[in-house]
Amino acid sequence: AFTGSSYSAYDDNVDVHRQVELMARTFETGVSSFGSCWGLQIAAVACGGKVELNPKGREVGVGRKVLLSSEGRDHPMFSGKKSAFEVFESHSDEVTELPEGGVLLAGNDHTSVQAMAVDRNGTSSWFVQYHPEYDLKYFSSLIRIRTERMTKMGFFKREEDVGVYCDELNELHDDPTRKD
């Protein structure tokens, strides 16, 4: 499994190149993979797709109205999933060109490729732009760590607001039966 990273898949950086090459090797050897966020982006690049800075800005928080494509509705990764759903997001980059053989499974108004599948060498690998591995408590800790950056980017008016928001997320995590 490949998860998030602060790198950009289009950066000319030795660490980025190594990770893209590792992903390419998984495809070459027929090893099935799953990836979230960075995992989706390096999979796209490793297979000939394109990743760029999203001109709409950073997508962070709860990604709204992620919609399954017709292929997504029939894909086993989304078995039992509603056709529209919300997800945890934290990314600035997006896949702008699917690789050859890449299948668009889901997208939303902010990021057109929220999920894709790639079949190579007899195996299928699945990737999502969002973070299914996050829960409210973990997400809260990421936001709190990035207080200054989140405020400068305009997601919060004041740094104090970050603490209030994160406290509310933690309360919801501790009591998932709440309806407010």
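Just after helix H2, Gly48 takes a positive phi of about 100 degrees; helices (H or I, at least four residues) and strands (E, at least two) are DSSP runs, numbered from the N terminus. The model is predicted: local features need pLDDT of at least 70 and side-chain atom pairs count only at pLDDT 80 or more, while totals for chains, interfaces and linings use all residues. Residues are numbered from 1 along each chain as its sequence is written, and side-chain values use heavy atoms, with hydrogens and water left out.

Helix H2 itself spans residues 38-46 and is largely enclosed by the rest of the structure, because 7 of its 9 residues are buried. Buried means under 20% relative accessible area, exposed over 50%, and partly exposed in between (1.4 Å probe, protein chains only). The buried residues of H2 are Trp38, Gly39, Leu40, Gln41, Ile42, Ala43 and Ala44.

The aromatic residues form 9 pairs, where rings of Phe, Tyr and Trp (its six-membered ring) pair if their centres lie within 6.5 Å, and planes under 30 degrees apart count as stacked, over 60 as edge-to-face and the rest as tilted. Phe78 and Phe85 form a tilted pair, 5.9 Å centre to centre with 35 degrees between the planes, and both residues are buried. The charged end of Lys81 sits over the ring of Phe85, 4.5 Å from its centre; the criterion is NZ of Lys or CZ of Arg within 6 Å of the ring centre and within 35 degrees of the ring normal. Elsewhere, ring pairs link Phe88, Tyr134, Tyr138 and Phe139 into a cluster.

Helix H4 holds Ile143, which counts as buried because its relative accessibility is 3%. Ile143 and Tyr165 are 22 residues apart in sequence and 9.0 Å apart in space, C-alpha to C-alpha.
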